[in-house]
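Hello,

Here is the structure we talked about. Please open it alongside this note.

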Amino acid sequence: LPRLASAQGEDIATPRSLDVGGTAREFTVFSPAGSHRAPLVITLHGHGQTARQMEAMSGWNAVAAEHGAVVVY
């Protein structure tokens, strides 16, 4: 993935999609400001849940911002 930190230096969560065998797979990437070579955390949500719901309930964005990690939901 390209560097996703915003030009304003803010932490951002960006919705993305990837084509897998003709099916669009959606995910969200949280990237703390200034991160470019950072640890990666991949979270998997439960059945019936969305990436945004997992992002809202997990608390990973705060942990990632504190420790300079990137999170993919």
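Below is what turned up, from the overall fold down to single residues.

First, a caution: this is a predicted model.

**Fold**

The chain has two helices and four strands. Along the sequence they run β-β-β-α-α-β. Of the 73 residues, 29% count as buried. Take the contacts in the chain with a separation of 6 or more: residues 24 or more positions apart make up 53% of them.

**Core**

Seven residues form the largest nonpolar core. They are Phe-30, Ala-51, Met-54, Ala-64, Ala-69, Val-71 and Tyr-73.

Look at Val-71 within that core. Setting aside neighbours within four places in sequence, Val-71 is in contact with Thr-28, Val-29, Phe-30, Val-41, Thr-43, Trp-60 and Ala-64.

Thr-43 sits in the loop between β3 (40–42) and α1 (51–58). Is Thr-43 buried or exposed? Its relative accessible area is 7%, under the 20% cut-off, so Thr-43 counts as buried. With neighbours within four places again left out, Thr-43 is in contact with Met-54, Trp-60, Val-71, Val-72 and Tyr-73. Among these, Met-54, Val-71 and Tyr-73 belong to the largest nonpolar core.

**Pocket**

The largest pocket holds about 350 Å³ of space. Its lining has 17 residues. Glu-26, Phe-27, His-45, Ala-51 and Tyr-73 lie nearest the centre. The elements that give two or more residues to this lining are β1 (12–20), β2 (23–31) and α1. Which of them gives the most? β2 does, with six residues. By class, the lining has eight nonpolar, five polar and four charged residues.

**Salt bridge**

Side chains of opposite charge can pair when their charged atoms come close. How many salt bridges does a search of the whole structure find? It finds one. The side chains of Glu-55 and Arg-52 form it, at 2.9 Å from N to O. Both residues lie in helix α1. They are three residues apart, about one turn of the helix.

The two partners can be set side by side. Glu-55 has a relative accessible area of 13%, under 20%, so Glu-55 counts as buried. Arg-52 is at 40%, between the 20% and 50% cut-offs, and therefore counts as partly exposed.

Best wishes

Technical notes. Residues are numbered from 1 along each chain as its sequence is written. This is a predicted model: local features need pLDDT of at least 70, side-chain atom pairs count only at pLDDT 80 or more; totals for chains, interfaces and linings use all residues. Side-chain values use heavy atoms; hydrogens and water are left out. A nonpolar core is a set of buried Ala, Val, Leu, Ile, Met, Phe, Trp, Tyr and Cys residues joined through side-chain atoms within 4.5 Å. Buried means under 20% relative accessible area, exposed over 50%, partly exposed in between (1.4 Å probe, protein chains only). Contact means heavy atoms within 4.5 Å. On a 1 Å grid over the protein atoms alone, a cavity is a set of points where a 1.4 Å probe fits but cannot get out, and a pocket is an open set with protein on both sides within 12 Å along at least five of seven lines; lining residues have an atom within 4 Å of a point. Grid points are joined across faces, edges and corners, and a volume is the space filled by probe spheres set on the points. Ala, Val, Leu, Ile, Met, Phe, Trp, Tyr, Cys and Pro count as nonpolar, Asp, Glu, Lys and Arg as charged, and the others, Gly among them, as polar. A salt bridge is a side-chain nitrogen of Lys or Arg within 4 Å of a carboxyl oxygen of Asp or Glu.
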